[in-house]
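Good morning, colleagues. Please take a moment to look at the sequence and the structure on the screen, and I shall then go through them chain by chain.

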Amino acid sequence: MKHKSLVILLFIFCAFTLSAAQEDAAPVDTVQVDSILPPAPVSMLTAKDGENDHGHSITLRWELSADDGAGQNSVLSYEIFRWVPFFMDTLQSIQDSLEQTEAYIAELRTFLPRAEKRLKEYRKRKKPKLVIVIFVDSTQFYEDTIAASKRLLPEYEEQLKQLRQWRKQAIDEIPQAHTSYPEQGEWRKVGTALSGQANFKDVGVKERKSHDYMADHTDYYYRVDAVTADPAIRASSEIVGPVQSYGQLFNTGRIPVFVAVLVFCLLTILFVTRARRGAELYVRPLAGIEAVDDAIGRATEMGKPILYVLGLGTAADIGTIASFTILGRVAKRVAEYQTKLIVPCYDPIVMTVAQETVKAAYLDAGRPDDYYEDIVYFVTQSQFAYVAAVNGTMLRELPATNMYMGVFFAESLILAETGALAGSIQIAGTDQVAQLPFFIVACDYTLIGEELYAASAYLGREPILLGSLKAQDYAKAAVIILAALGLLAASLDWTAFINLFSVTS
Amino acid sequence: MNIFDRMMSLDRRWVFLFLAAVCVITYIIDFQIPIRVENEVKTIHEFIDTLKPDEIVFIAIDYDPNALAELHPMCYAVMEHCFRKNLKVIITALSQNGPGMAEQAIFDIADSVKMDREYNGVHYKGREIRNGIDYAFLGYKPYFQLVILGMGQNFRLPFPTDYYGTPLDSLPMMQGVQNYDQVSGVIAIEAGNIADAWIAYGQGRFYFPLALGLTGVMGADYYPFLNSRQIFGLMAGLYGAAQYEELADNPGLAKDGMRIQVYAHLVIILFILMGNVGYFMSRSEKKRQGR
Amino acid sequence: MRRQIPLALVFIFGVFMIFQYFVPHESSEWIYEFLLDWIYIIGIFALALGIWSLIRVSVAKIKARKANWGYPIITIAGLFLMILFGFTGYRDGSLGFHFMTAEGLSNPMFRNFFDYILIPIQSTMFALLAFFIASAAYRAFRARNVLASLLLVAALVVMLRFNPYMGPIGPYVADAASWLLNVPNLAAKRAIIIGIGLGMVATALKIILGIERGYMGKG
């Protein structure tokens, strides 16, 4: 009896322990079952040549995995794989050998002259009469090393030549190598996209010698893996390909710019043609331009010079080019009135062009003998040193008129204030928006921005130049109308209209 | 000449003298000015603060010694922030005297980063800044428009070697770094028209995130670009630099300079008001006499 | 011929650069990069021309003993000293000539001239602006009429925006300054920038088509 109850108790105890162990085990079994299930793969994978580029890129797009950022096996990232033939490893090893050989040759070329110099120094030294065992004669060491290096150098150069030839041949065979898909190659990761991202651009470089070279007109194959937190648990998409990359002949993302340039060119040609045919083109008067003649007259009456500052731009700046034209007109009037002209220059090329301009103006005015080289002179290419020199000229020469036409920076106020101190009448014109407030405050007349470019048309009143000015005005009117329409479209959410004008890469 | 006429036509040398005196006095007396931070500076600070270690930031130090007072503090604050966050920095200097300014900044920041510091409650251990590993200084090349365009293809096009003559491919941090695509963002610190080139030729062509640090005079001109999101942040003048220092909890020359600037502005305002008072009183005096 | 060749070159290369902007193909890019390299080469000639001009003008002033002829001596001395320091340096313990390498750029004298002469001089000249701004503001900001009064008020608001002594109205002044910078200033600047942009395009077109010839010097 006793034993029987003991056995029953033992049985109950074992049953209880076993069931508890089973309960503990159950969650482990459940987790293990879930972790084996892969996530849903991406779908609708497409691969296309990269748009509006010089080639060497493929753009991949896909529909996100159903488990993207959700589900039991949440997809955290996407890995993009491209099929790469083993041939590319051969090319890579040729590249590596080539780079190594180039490095060796560079080292030898650096080492040899230094070693020869050191050898010369050692040879000049007197050897001690008593040669002790510990004395090391470096001369022999350098001689042997130099001889070995000189022997190795041509060998390496020959090797380099060979390697370059192999590389060229290998690069030419890349498209051929890719046709062996799916044999003789493997899938390699080329990039990663984060969860939520449904596109990827596989971009290579166009330099054939680069490790990242991606050949055009070559068959590429891609697949995208949806990857969970455990990188081993993933789902691969279908394979897409073959897809080839190539450069586009026209950047369709810049069509709005193309249309605008075309329209503007047509407007310019139209008005220039009209002007050539004798049409009267009205342009509103500019106070600064009207004042130029008066200012020159004032200087002549006072017997004081005129200072013309071309600014700190280079000869390639549009503001400086506009200033050359104004300088030509001013120099012609100055030559006619026989007033002194001073033109200090910041840039040597600008100085050269300005000298030619002034010389031609004096010739046109019929006073070639009045021209001398020191009218236009180079000062320095340091901004504030130039300003200091011009200020010095202003305070010594006390010009009656100062003209600042061109590209100016921080020195504009220093120039204008010193000119005001000297009692000169000042006419300024610049396309540097930041400097306009200073000129407006300190000068008597200011040409704002595009008025500087228009000044040449105003002064000469040539029909062709006036025609292009009118084209500009009509283009501005078009911009105003389009801006107003754009404002309306944005308010009414007419995205189609807004998208017409968007410019992408 | 009565007092109002004198107020209106004061010799400018009195203005210069008074301004100089105020600048000297506020320089000698040490006190801090509270700095209010604006959004356009905050976005730059947040941009750098949220980058992960080893990400690359491009800093263009394109100013000459003229603009040192306004832009050097900005450059120091931004660069130190980058190094403290363990970011890699590529530095160019596209103005003629820019390399000298950039080198000075690099050496000074390298010394500062060696020390343990605490900014905004975060402790940063001192470390060595190594050329080629933590930063690459590319140096100067003329024709900045072409350089900016060239770097968009490959940094090695305009800069086959760095400023010290080392081939870019030999620099560990430049491995795999071809162009702006591998850079998280560009902070261009400018004093001239190179800023326009960064917007037109850089951001306009290659669409990288671009922020500008400019002199105070230029700052107002670049709000259109901020508004159109061609630039994501703007630091203008000494005030912009002081704001960045405030955000980075790294007080420096900008915060010190602000007290001088605030009082200088007050002096200018005083003279403007004085001139206007003189003008109005003179005018009413003349009107009264005219009757 | 002297005029035809430059005009033809400007037309060909101008049209190509317009064309290149719209054609991303590799061949167009290759020519573009080739031309960029040439611009660097031409730029170097400009540097040589600048140095030659400076030396010529300075020597002429010294020879003719013109007023203040001592300054050109300092100019030439500064030019040649910086070249000398920039091209010499220590390598492996010995002083020597090193062209365009780190040794020259790290030459202590080169750095000292830059740090202790050039930087202070240039900074000083820029610092003059502060004083000139003060005197210009004093002269120009007079409330003569409505527009001038608006200008005056706007200037005062923007100058006071980060002034910490404004008390309770400080945030309002800051907001007003922000509004001024972000709305009217932005609108006016955009208009000027658009105008300048169109002007640049028109002038560039005139240069390409040979209508504008000021850059050739003979109009």
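Predicted model: local features only at pLDDT ≥ 70, side-chain atom pairs only at ≥ 80, totals over all residues.

In chain A, residues 24 or more positions apart account for 75% of the contacts with a separation of 6 or more, a contact being two residues whose C-beta atoms, placed from the backbone, lie within 7 Å. Residues are numbered from 1 along each chain as its sequence is written, while chains are lettered from A and ligands numbered from 1 in the order in which they are written.

Chain A has 505 residues, and 34% of them are buried, that is, 20 or more other C-beta atoms lie within 10 Å of their own, again placed from the backbone. The chain contains 14 helices and 14 strands; these are DSSP runs numbered from the N terminus, H or I over at least four residues for helices and E over at least two for strands.

How is chain A divided into domains? The assignment gives domain 1 (43-86 + 184-243), domain 2 (89-175), domain 3 (253-279 + 468-500) and domain 4 (287-461), with bounds from an automatic or database domain assignment. The centres of domain 3 and domain 4 of chain A, taken over C-alpha atoms, are separated by 34 Å.

Let us turn to strand 3 of chain A, residues 77-85. Strand 3 pairs with strand 4 (185-194) of chain A in the antiparallel sense over 9 bridges, where pairing requires that DSSP find at least two bridges. Here V84(A) has E186(A) as its bridge partner. Strand 3 of chain A also pairs antiparallel with strand 6 (220-227) of chain A, over 6 bridges, and Y78(A) stands opposite A226(A) there.

Next, a pair of helices. Helix 7 (318-337) and helix 8 (348-364) of chain A pack at about 35 degrees with their axes 8 Å apart; axes are lines fitted to C-alpha atoms, for helices over the stretch in contact, and angles run from 0 to 180 degrees between N-to-C directions. The residues that meet include F324(A) and L327(A) in helix 7 of chain A, and V353(A) and Y362(A) in helix 8 of chain A. By class, this contact has 11 nonpolar, 3 polar and 2 charged residues. Ala, Val, Leu, Ile, Met, Phe, Trp, Tyr, Cys and Pro count as nonpolar, Asp, Glu, Lys and Arg as charged, and the others, Gly among them, as polar.

In chain B, 6 strands form an open, parallel sheet in the order 5-2-1-6-7-8. Its edges are strand 5 (135-139) and strand 8 (233-236) of chain B, each pairing on one side only. The twist from one strand to the next averages 15 degrees. Helix 10 (237-248) of chain B packs on this sheet, touching strand 7 (210-214) and strand 8 of chain B.

Finally, chain C. Its contact with chain A takes 45 residues from chain C and 57 residues from chain A. Which helix of chain C gives the largest share of that side? Helix 8 of chain C does, with 16 residues. The contact with chain B takes 36 residues from chain C and 38 residues from chain B, and there the largest share of the chain C side, 14 residues, comes from helix 5 of chain C.

Notes: Buried ≥ 20, exposed ≤ 12 C-beta atoms within 10 Å, placed from the backbone.
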